[in-house]
Amino acid sequence: MGLFGGKKKAKGKPRREPRLLDDGKATAKTSAKPKRTLRRRFFGWITRMVWALILWGSVATAAAMGFVWFTLARQDLFRIPEREPGILILANDGSEIAEQGTFFGDAVAIAELPPYVPQAIIAIEDRRFHSHYGIDPIGLTRAMVHNAMAGRMREGGSTLTQQLAKNLFLSHERTFARKAQEAVFAIWLERKFSKDEILQLYMNRVYFGGGADGIDKASRSFYGKSAYELSLMEAATLAGVLKAPTTYNPAKRPEESLSRAKLVLDAMVREDFITEEEAKEAIASPTKAKPKGDLPATQYAVDWISGQLPLYVKGNTDSLIIETTIDPTMQASAEKSLRKRLSESGKKLNISQGAVLTMDRNGAVKAFVGGRNYQKSQFNRATAAKRQPGSAFKAFVYLAAMENGYRPDSVEMDEPVTFGNWSPENHKRKYLGAVSLQQAYAMSLNSVAAKLAFAVSPKAVTQVAKRLGIGSPLGQDVSIALGTSEVTLMELTAAYAPFSNGGMSVEPYVVQRILSRNGKVLYERLGDGLAQVVGEQELYHMNSMMRAVVTSGTATKARFANMDMGGKTGTSQDYRDAWFIGYTPYFTTGVWMGNDDNTPTKNVTGGTLPAQVWRDVMEPAHRDLKARLLPGSVTGDDVVVAEAETTLEDKTDTEPAAEEKPRKKKKRGLLALIFGDEDEEPTQQIDGLY
């Protein structure tokens with residue numbers, strides 16, 4: 001009906017009535033149209049749904065990202081975390097001993113590197129690095145397709161910026177929340193820094209394996225050079241490591257590393273970073289990475305130094321340069337000799353460990369070896385192991401005797417003796433009767449040492465030992481004379497130093513100066529703080545007896561020509577510990593050898609392996625030094641000591657030739673006093689055992 005009651009006029013074309021055939025059915029043309037309409041409607045609905053999902057997905061993603069961003073901002077996490085301060089430890093000649101932390105890490109400037117170094121990383125890790133904004137949808141989609149086709153996780157799809165975000169701010173767990181945070185941090189990095197700054201941060205922070213964080217540390221670790229000196233092949237190799245640092249470690253798995261490096265070079269060619277000819281030349285001249293061997297024994301000194309740092313520098317947040325007193329040549333000699341002697345004789349003599357310590361006249365440590373192999377055992381036997389010093393402790397007994405009126409030519413009876421329930425015995429239970437103290441000291445006669453300790457009192461002996469530098473608790477009975485109280489190699493060596501420097505006490509030290517990374521001096525050792533602990537006359541007597549130990553006593557294996565020297569051997573009960581502490585006017589070196597489990601060795605005494613190690617270290621160290629006499633002599637003047645013409649036969653502990661008739665003495669000159677007579681046989685040795 002119309003507005004006024006008439007029929008409403010139809011809008012548009014009039015409805016077309018279907019034309020009927022003779023049988024009254026509709027034509028096929030009319031029935032096909034609804035099918036096409038339904039198909040169009042279905043695909044239209046699908047299209048609208050996809051766009052709706054994209055729209056609402058984008059909204060949800062943006063909301064989630066905004067929430068994550070807001071959460072991270074509230075936690076004040078949008079700032080580059082400071083690196084742990086690094087420590088660079090230098091020897092006394094300025095050479096590097098060790099680097100801890102990341103001292104060199106952020107020092108690499110991308111603008112100063114060869115162009116192919118960053119290009120290698122971009123080509124293999126993120127070829128669209130300069131075109132995306134932290135997240136690469138194309139790369140992510142490609143990774144998803146490849147992973148789906150492979151049926152497993154083969155590619156991550158993360159950009160360099162995302163990897164940097166993960167390294168700087170996040171853990172390595174694989175969760176959606178962590179991935180969302182990674183994306184947010186990546187976008188923030190792209191907003192905050194330029195592409196070169198992001199790449200520089202990445203190269204200085206990423207892990208290259210082998211304990212190396214950053215391109216420069218990796219370059220030094222694998223190739224012994226800075227990152228600025230890397231060749232094209234080396235750069236490609238290090239770039240290849242990033243995917244799997246263990247799998248592609250160039251030192252341990254060179255074949256896998258080479259194969260990966262070739263893929264990097266191919267990628268660089270595809271990106272027009274290098275030509276095919278340059279890639280072929282790089283492959284034709286590969287550089288072999290040096291295997292990272294065991295940590296050197298200097299690591300024992302590094303641990304000792306690190307433990308002392310809080311005493312020198314408090315509250316430090318900057319990287320440090322530590323200048324030490326370590327002498328690289330003496331350190332190398334000590335490490336090499338200890339390994340060599342133990343390798344040659346260790347199994348045969350059932351001895352597995354040792355320690356070596358060398359210091360100068362003022363206590364500056366020149367060589368520090370705390371064990372045979374740091375990689376296998378980090379226990380520091382130079383400072384932490386307390387062992388019985390055996391006869392090496394007799395130095396304090398005899399010094400106490402000298403201070404109580406005895407002289408090297410004083411005579412005592414070497415005979416069986418008993419103190420209460422204790423009866424000290426000589427080696428192999430041999431006794432010589434009347435002997436001078438010098439002879440008793442050189443031959444390490446236990447009965448005489450016990451008699452002296454009893455005569456002057458054990459308390460006097462402990463007071464002398466503590467005055468010279470022994471800090472460990474000491475016994476208060478007569479048995480202390482034979483070294484039954486445990487001490488460390490460090491304190492025993494320091495306690496012998498006064499015999500070499502004129503009777504002055506020393507405090508062992510290794511840190512000479514500490515500087516901040518910008519060169520500010522934070523600590524510097526000034527003065528030595530020495531005190532007189534041995535009198536001139538007593539020093540003269542002690543050095544006379546100490547000298548005899550090397551020239552004709554238990555330590556003839558330590559002797560080398562053209563230098564005055566003295567010392568004392570020590571062997572604890574059942575041959576569990578073997579010591580030799582010896583010195584010259586320049587250096588004092590202590591050597592201990594034994595087993596960590598305190599099991600007995602096979603007759604190893606202080607005059608055998610320890611004396612040989614001592615000579616291995618000391619002889620080359622004195623090669624260019626002016627010969628001098630030990631202090632406490634009559635004149636005290638420096639003299640040139642010519643090489644002794646006598647050749648003393650190296651003998652170990654054997655039975656004394658008690659039946660041999662004494663030879664007629666002849667007048668002895670300076671050389672004879674120091675090195676022994678030309679035709680004199682070395683005295684048979686008896687080393688104290690208890």
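Helices (H or I, at least four residues) and strands (E, at least two) are DSSP runs, numbered from the N terminus. The model described here is predicted, so to speak of a local feature takes a pLDDT of at least 70, side-chain atom pairs count only at pLDDT 80 or more, and totals for chains, interfaces and linings use all residues. Residues are numbered from 1 along each chain as its sequence is written, and side-chain values use heavy atoms, with hydrogens and water left out.

The buried ones are Ile215, Asp216, Lys217, Ala218, Ser219, Ser221, Phe222 and Tyr223. Just after H7 comes Gly224, with a positive phi of about 65°.

Strand E2 also belongs to an open sheet of five strands, in the order E2-E1-E3-E8-E9, with mixed pairing. Two strands pair if DSSP finds at least two bridges between them. At the edges are E2 and strand E9 (521-524), each pairing on one side only. On average, neighbouring strands of this sheet are turned by 15° against each other, direction ignored. For angles in general, axes are lines fitted to C-alpha atoms, for helices over the stretch in contact, and angles run from 0 to 180 degrees between N-to-C directions. Strand E1 (residues 87-90) pairs with E2 in the antiparallel sense over four bridges, and Leu88 has Glu99 in E2 as its bridge partner. Helix H11 (residues 298-312) lies across E1, E2, strand E3 (320-324), strand E8 (511-516) and E9, and runs at about 60° to E2.

A further sheet, also open and five-stranded, has the order E5-E4-E12-E11-E10 and antiparallel pairing. Its edge strands are E5 (365-369) and E10 (566-571), each of which pairs on one side only. From one strand to the next, the twist averages 5°. Strands of a sheet, as a rule, pair through backbone hydrogen bonds, either parallel or antiparallel. Here, seven bridges join E11 (residues 577-583) to E12 (residues 587-594), and the two run antiparallel. Within that pairing, Tyr583 stands opposite Thr588 in E12. Helix H19 (residues 536-551) packs on the sheet, touching E10 and E11, and its direction makes about 65° with that of E10.

Next come the nonpolar cores. A nonpolar core is a set of buried Ala, Val, Leu, Ile, Met, Phe, Trp, Tyr and Cys residues joined through side-chain atoms within 4.5 Å. The largest one has 112 residues, and the members that touch the most others are Phe368, Phe396, Tyr398, Tyr496, Phe499 and Met542. Helix H13 (residues 394-403) supplies the largest share of this core, eight residues. Leaving aside residues up to four places away in sequence, Tyr496 touches Ala392, Ala395, Phe396, Tyr441, Met546, Lys568, Ile581, Tyr583 and Thr588. Apart from this core lies another, of 49 residues, among them Val117, Ile122, Trp188 and Ala261.

The structure holds 15 salt bridges, a salt bridge being a side-chain nitrogen of Lys or Arg within 4 Å of a carboxyl oxygen of Asp or Glu. One of them joins Arg341 to Asp616, with the closest N and O atoms 3.0 Å apart. This pair links distant parts of the chain, Arg341 in helix H12 (residues 328-349) and Asp616 in helix H20 (residues 609-621), 275 residues apart. Arg341 is buried, at a relative accessible area of 17%, whereas Asp616 is partly exposed at 25%.

Asp577 and Arg387 form another salt bridge, with closest N and O atoms 2.8 Å apart. Asp577 is in strand E11 and Arg387 in the loop between E5 and H13, 190 residues apart; both residues are buried. In a further salt bridge, Glu403 and Arg467 have their closest N and O atoms 2.4 Å apart. Glu403 lies in H13 and Arg467 in helix H16 (residues 458-468), so this pair ties together parts that are 64 residues apart in sequence. Glu403 is partly exposed, with a relative accessible area of 32%, and Arg467 is partly exposed with 35%.

Methods: Contact = heavy atoms within 4.5 Å. Buried < 20%, exposed > 50% of the residue type's maximum accessible area, 1.4 Å probe, protein only.
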